[in-house]
Amino acid sequence: MSEQLSYDDVVKNLDDLPSLPAVVMELLNSVDQEEIDIAVLAKKVSHDQALTAKTLRLANSSLFGLQVKVTTIQQAITFLGFQSTRNLITAAAVTGCFADKLCPGFDHGQFWRHSIATAACAKVLARHVRFNQDYAFTAGLLHDIGRLVLVSTFPELYAEVIAYQKENDCYTLEAERAVLGIDHVEAGLALAEHWNFSDTMRLAIAGHHEPGTPGAGFLAAIVHVADAVVHALDLVQKPDDLVPSVSPIAWKALNLGEDTFLHLFRETELQYEEIAMVLMA
Amino acid sequence: MTGTYRHLPLAKVEPGMVLSDELLDKHGQVLLPAGAQLTERMLERLHDHGIESLAVVDDTPPDPAQTAAEREAHLARIGVLFRRHDPANGEDSAANTLRKLVTEFRVGKEAA
């Protein structure tokens with residue numbers, strides 16, 4: 001067995017991670033500022049053509065049901081609002097940010113498909129419980145981002161995690177703790193700190209496996225249930241996938257009826273396919 | 001909620017078939033609404049619009065043997081996904097409710 005890692009080992013290596021486009025960092029850092037100059041922002045994003053194209057395709061997907069097709073970032077902000085557009089830009093940027101690193105057994109496509117499915121499901125869930133849908137979407141997309149941190153910074157060690165998980169048929173979380181001594185939740189928090197995520201987002205990443213902990217917040221419960229639903233619906237079709245433990249506290253907190261869940265399953269499947277086509281292209 | 005449409009190349013579509021989804025051209029304009037019954041004349045014009053394939057309502061009765069096999073496959077897969085959860089464990093109520101709902105979603109209520 002290899003030596004165990006500490007939180008500091010992860011933090012030390014964060015600077016070697018690929019950085020997000022400058023404009024996206026700016027968006028993340030200004031999350032609490034309402035008065036950001038939209039014209040300046042739209043112009044900055046427009047300089048990145050790939051990012052703009054991806055963002056606009058997301059904005060025009062049925063996720064938002066817009067009656068008009070938006071063709072510029074400025075227009076997207078007009079029709080969807082600043083918050084939604086900001087989240088779309090982040091989603092488009094983050095999914096392209098971590099390149100395939102040499103970690104045998106780690107499937108980047110599979111990772112993002114799961115994250116996108118969780119984002120779609122969390123957004124639908126949020127609508128049903130009248131929570132901010134943009135927060136839910138972004139938190140769903142980023143909930144497991146710590147795994148990418150671990151894979152990118154310690155590819156060889158993470159290959160051992162994957163081997164351990166296969167051998168013991170256990171949860172990734174258990175394999176990470178056994179092999180590395182640190183898990184993707186902690187690594188995700190380190191990155192959230194490093195990238196200046198908002199407190200809401202940090203809490204959701206921290207609490208998505210333990211949403212019953214006092215102070216975990218409602219968003220953690222939404223992401224937790226969305227994660228479980230996505231595994232149960234087998235959207236990623238990973239042969240040895242496992243439905244994680246589902247917190248009865250989080251389940252009860254959402255307080256949704258059976259019919260609502262059946263609708264939610266259908267809606268999640270449809271939206272997942274559409275968003276995956278845009279983000280994975 | 002199960003697949004009740006078939007995607008067919010235009011050459012295989014016959015007059016009398018029913019369109020299952022709105023048919024759009026490459027500019028996003030609606031050519032025909034969902035539920036339209038296709039005529040020979042329509043099919044010729046679709047060809048002129050550059051349509052190569054379309055989705056029609058599948059009204060062939062499902063093969064019972066195949067349906068049963070699909071059902072078994074769904075149930076088996078759900079069993080695999082939930083292998084870490086014990087249906088008899090009362091503490092694991094949320095996971096078991098989720099399992100019941102997904103089963104209902106995949107194979108219908110009676111099996112749940």
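Predicted model: local features only at pLDDT ≥ 70, side-chain atom pairs only at ≥ 80, totals over all residues.
## Domains of chain A

Chain A is divided into two parts by the domain assignment: domain 1 takes in residues 1-18 together with 100-281, while domain 2 covers residues 20-97. Taken over C-alpha atoms, the centres of domain 1 and domain 2 of chain A lie 23 Å apart.

Where the two domains of chain A meet, 16 residues of domain 1 are in contact with 19 residues of domain 2. On the domain 1 side of this contact, helices α8 (133-142) and α16 (258-279) of chain A each supply at least two residues. By class, the residues on that side of domain 1 are made up of ten nonpolar, four polar and two charged.

## Overall form of chain B

Chain B contains three helices and four strands, and its elements follow the order β-β-β-α-β-α-α from the N terminus on. The radius of gyration of chain B is 21 Å, whereas the globule rule gives 13 Å for 112 residues, so chain B is more spread out than a compact globule. Along its principal axes, the C-alpha trace of chain B spans about 60 × 35 × 20 Å.

## Helix packing in chain B

Within chain B, helix α2 (residues 64-81) packs against helix α3 (residues 93-107) at an angle of about 160 degrees, and the axes of these helices are 10 Å apart. Angles over 145 degrees count as roughly antiparallel, and α2(B) and α3(B) are therefore roughly antiparallel to each other. The crossing of α2(B) and α3(B) is right-handed.

From α2(B), the contact is made by B:Arg71, B:His74, B:Leu75 and B:Ile78, and from α3(B) by B:Arg99, B:Val102, B:Thr103, B:Arg106 and B:Val107. The residues of this contact between α2(B) and α3(B) comprise four nonpolar, two polar and three charged.

## Contact between chains A and B

Between the chains, 19 residues of chain A are in contact with 16 residues of chain B. On the side of chain A that touches chain B, helices α14 (218-232), α15 (248-254) and α16 of chain A each supply at least two residues, and the largest share, five residues, comes from α16(A). That side of chain A has twelve nonpolar, three polar and four charged residues.

Methods:
Residues numbered from 1 in each chain as written. Chains lettered and ligands numbered in written order. Axes fitted to C-alpha atoms, helices over the stretch in contact; angles between N-to-C directions. Parallel < 35°, antiparallel > 145°, perpendicular 65-115°, else oblique. Left-handed = near helix turned anticlockwise from the far one by under 90°. Contact = placed C-beta atoms within 7 Å. Nonpolar A, V, L, I, M, F, W, Y, C, P; charged D, E, K, R; others polar. Domains from an automatic or database assignment. Rg over C-alpha atoms; globule rule 2.2 N^0.38 Å.
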